[in-house]
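This report describes helix packing, a sheet, a nonpolar core and a few single residues. The sequence and structure come first.

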Amino acid sequence: EEKQKLEVAALQAQINPHFLYNTLSSVKGLCDMEMNTEASKMISALSSYFRIGLSRGKNIISIEDEILHIKSYLYIMEMRYGDHLSYQINIDKEITQYNITKLTLQPIVENAIYHGIKHIRTQGIIDIKGYQMEDRIYFDVIDNGIGIKKEKLTKIHNELSNPFNGEDQELIGIGLRSVDLRIKSYFGNEFGLSIESEYEKGTIVSVVIPKTNEVVEK
């Protein structure tokens, strides 16, 4: 029941009206400036973002599609934030054939932007890495945002490890909670999400999943 609630919440987050409104406003601005090529690319990215986010109701997709989804999201955010945001994505091509829970990376990246990068004056940088070690696949989302103080980080770790009740999640949003719980539900409790951070230096959110093509939808 907890997993189902979080899957619905994660999907609802993808249809965030503020994100859609802000993106369409950016597209209109590009059109007003007669930057039609850029506007067309942004609309294409938005279409890809929603297409993969919905995935015909599937909760398990290929890593290749997950990467395309996050590329679409980051392209939109880069167009909106201009020079204040840049990103790089380095994914081992050999892992793209394997499966992952849908909407794993986007909530992490969104969290990095709104809770990290927005609070610094210098250019924000997001670095996404995907690689394999033995029978496991790892993703690291690294940002140079404001970071998290030690006391708050300890509370976040405690909050992440406690059952979700929809009321007392003060420090982590439903997005990150959903990522961790859905991974554990489909792959096992030894997998999931971890957070490392240093205040005024940045944050690393890591995800570990098994290397598999044989995940049964639950």
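H5 crosses H7 in the left-handed sense, meaning that the near helix is turned anticlockwise from the far one by less than a right angle. The model is predicted: local features need pLDDT of at least 70, side-chain atom pairs count only at pLDDT 80 or more, and totals for chains, interfaces and linings use all residues. Residues are numbered from 1 along each chain as its sequence is written, and side-chain values use heavy atoms, with hydrogens and water left out.

Helix H5 covers residues 105-115 and helix H7 residues 174-187; their axes come within 9 Å and cross at roughly 145°. Axes here are lines fitted to C-alpha atoms, for helices over the stretch in contact, and angles run from 0 to 180 degrees between N-to-C directions. Helices (H or I, at least four residues) and strands (E, at least two) are DSSP runs, numbered from the N terminus. H5 contributes Pro-107, Ile-108 and Asn-111 to the contact, and H7 contributes Gly-175, Leu-176 and Val-179, where contact means heavy atoms within 4.5 Å. Four of the residues in this contact are nonpolar, two are polar and none is charged. In this classification Ala, Val, Leu, Ile, Met, Phe, Trp, Tyr, Cys and Pro count as nonpolar, Asp, Glu, Lys and Arg as charged, and the others, Gly among them, as polar.

The open sheet has five strands in the order E2-E4-E5-E7-E6, with mixed pairing; two strands pair if DSSP finds at least two bridges between them. Strands E2 (85-91) and E6 (192-198) are at the edges with a single partner strand each, so one side of each has no neighbour in the sheet. From one strand to the next the twist averages 15°. H7 packs on this sheet, touching E6 and strand E7 (202-210), and its direction makes about 145° with that of E6.

| Pair | Bridges | Direction |
|---|---|---|
| E2 and E4 (residues 124-133) | seven bridges | parallel |
| E4 and E5 (residues 136-143) | eight bridges | antiparallel |

Asn-90 stands opposite Lys-129 in E4, and Gly-130 has Phe-139 in E5 as its bridge partner. E4 and E5 form a hairpin with two residues between them, and Glu-134 in that turn has a positive phi of about 55°.

The largest nonpolar core has 52 residues, of which Ile-63, Val-109, Ile-126, Ile-128, Phe-139 and Ile-209 touch the most other members. Such a core is a set of buried Ala, Val, Leu, Ile, Met, Phe, Trp, Tyr and Cys residues joined through side-chain atoms within 4.5 Å. Residues up to four places away in sequence aside, Ile-126 touches residues including Leu-74, Leu-85, Val-109, Ile-113 and Val-141.

Leu-103 has a positive phi of about 60° although it is not a glycine; this residue is in the loop between strand E3 (99-101) and H5. Leu-103 is buried at 2% relative accessibility, where buried means under 20% relative accessible area, exposed over 50% and partly exposed in between (1.4 Å probe, protein chains only). Glu-200, in the loop between E6 and E7, also has a positive phi, near 70°, but is exposed, with a relative accessible area of 56%.

Ser-72 belongs to helix H4 (residues 63-81) and is buried at 6% relative accessibility. Its contacts, leaving aside neighbours within four places in sequence, are Ala-45, Ser-48 and Tyr-49.
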